[in-house]
Structure formats: structure tokens, C-alpha cells
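Hello,

Here is the structure for you to look through. My notes on it follow below.

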Amino acid sequence: MVVPESLLRKCQDFSSALADYLFPPNCCYCRKSLSPVSHEETSIWSEITTPRLCTDCAAKLPPMTDNHCLKCGAPQGPHIPSRHGCVHCKRSHFAFAGAISLHLYEDKFRKMCRFCKQDSGQNLTWYLARQLWQAEKNRLKSWQCDAVVHVPMYWTRRLVRHVHPAETIARCLASCLGVPFWHRALNQVRQVPHQASLSPSVRRKNVLGIYRATRLHDFKDRNILLIDDILTTGSTASECAKVLKRAGAKQVHVAVLARGAGR
Ligand SMILES: [Zn+2]
Ligand SMILES: [Zn+2]
């Protein structure tokens, strides 16, 4: 049966209107109302409900750069060799094979990353994770990851903080890659002072031995994509990668939204 063009168009108008009613189009950062997405831009329901930024907030994002350090993921200027590390990581040894990030953790992007940690920040986290996918899909695919896991949060912190940006990013990238998201693949077994409050040398000692791989998943010979929201010294991600490799993982790569200033 051939569906008439006019009827198809009416169905698309109705689904767009219903989506706008159920999910009012607001900027996922400042909450400003946005113009509805027309069916000419997208006719897919999931795309209509995808978080969006207004033009003012989108302008707060730093410009995208094509050149990233292959070792730690820090964005850097063009024509700078990046295979053997950059100014942020040249003295660091990581247990992960490589990393990507969207932007440096500074200025307005730093504020956005902090907003992602709030209850109302989950849509922005998803939006930024999609941006990371759009910018780095070739490299993410080239790692041939079998599953996506995230840096865990200690259970008492999880109780008071209802959102966990690393988990949201992991879910988003797993869906983009078409591979399983392995929930609770890692556990944090004891509470330690928050990394951001410590000096770089103490941070490395602070995370030693605090993560365990759970027995919920089989890591043997798997390529794992490990997710966190921010990577600063790389100590946390490296410790998690070490644990995953000890559990049998063949290789671990890391993806984060922001790369800290690398001290
Ligand atoms: Zn906005
Ligand atoms: Zn680097």
C-alpha cells in the first residue's frame, strides 16, 4: 500500500507537535525556550528528544581542534606532534593505551562540566557526550572496543549525588558505538579524599588499590572503553585501567569530556 504524501506529512507534523508537548524544547544549559525542530530537519523521534543548546550557550563552547595528544587526549594546536605525549603528559605513565577528550577543562567549558554534576545537568552531559562522538567517532571506532565501562563512585557519594556524569557519557557512547554498556563493571571499595582537593603526587597514592573489577562481566581479551567526565593527572583512569587489565582486559582506552591542565 502506498501512503499518500499529504497523510505522511500530517503524521510527521503530529509527531513533532506531540514531542514538543511532551518534551518542551529548552536549552539544556540555560533552559531558554528553543524553536521546535521541524520534520524537515529531522523526522526521527529520538532526534527530536535529543538535548540541544541555544545559540548563546553553543557559542560558549571552545572551538573544536583536530589535533589531540594520542596519549592523554589533550586538545592542542595544529602541527604539534602528539604520538609520544604532550606538555601535559610527557612525564606520566598510564596503564591505558590512549585517550580522547572534547575540550580542555578551563573557562566556560569548566563551568559547563560543573553543571553536569548537578541534578539538572544530565541533559547537558548527554549533549556533550554526543558532541564527543561527533568529533571523535573515527578514533573511537578504530579502538574496536567490546564494551564501555565508567569510573565508579563510592556508594555513599552515589547516595547523595543523584547524577553520575561518567555513567551518562558511558551509556551515550555505548549506544553510539553499538556495544554493551557494562554497568557496575568496577567498584570503589573504600572512600578516599576527593582527588580535586589533593596535590598531583598525593593523587596517585590516593587511588592506589581503591578499585576492584566485579565478576558481573568477562573481561578476558576484551578491548574496553573506560569513561570519566574529567581527566587531570590521569591517576584515576590509569588505576582503573590497571584493574581492568589485571582482570583480563586486552586493552583499555579512555574517553572524557574534559582534559584538565595536566598537573
Ligand atoms: Zn542556552
Ligand atoms: Zn598528552
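Isoleucine 224 stands opposite valine 252 in strand E7. Strands E5 and E7 pair in the parallel sense over five bridges. (Two strands pair if DSSP finds at least two bridges between them. Helices, H or I with at least four residues, and strands, E with at least two, are DSSP runs numbered from the N terminus.)

A word on the source: this is a predicted model, where local features need pLDDT of at least 70, side-chain atom pairs count only at pLDDT 80 or more, and totals for chains, interfaces and linings use all residues. Residues are numbered from 1 along each chain as its sequence is written, while chains are lettered from A and ligands numbered from 1 in the order in which they are written.

Now the whole chain. The protein chain has nine helices and seven strands. Of its 263 residues, 37% are buried. (Buried means 20 or more other C-beta atoms within 10 Å of the residue's own; exposed means 12 or fewer; partly exposed is in between; C-beta atoms are placed from the backbone.)

Back to E5, residues 223–227. Four of its five residues are buried. E5 also pairs with strand E2 (residues 147–150), in the parallel sense over four bridges. There, valine 148 has leucine 225 of E5 as its bridge partner.

Valine 148 also matters for the next point, the core. The largest nonpolar core has 60 residues, and those touching the most other members are Val148, Leu173, Ile224, Leu226, Ile227 and Leu244. Helix H7 gives the most to this core, with seven residues. (A nonpolar core is a set of buried Ala, Val, Leu, Ile, Met, Phe, Trp, Tyr and Cys residues joined through C-beta atoms within 7 Å.)

Next, helix H5, residues 122–142. H5 has a kink of about 80°, centred on glutamate 136. (The bend at a residue is the angle between axes fitted to the seven residues ending there and the seven starting there.) Its buried residues include Leu124, Leu128 and Leu132. The buried residues of H5 pack against strand E1, helix H4, helix H7 and strand E7. Just after H5, glutamine 144 takes a positive phi of about 50°.

Leaving out residues up to four places away in sequence, tryptophan 133 touches Leu140, Leu173 and Cys176. (Contact means C-beta atoms, placed from the backbone, within 7 Å.)

Best wishes

Notes. Contact = placed C-beta atoms within 7 Å.
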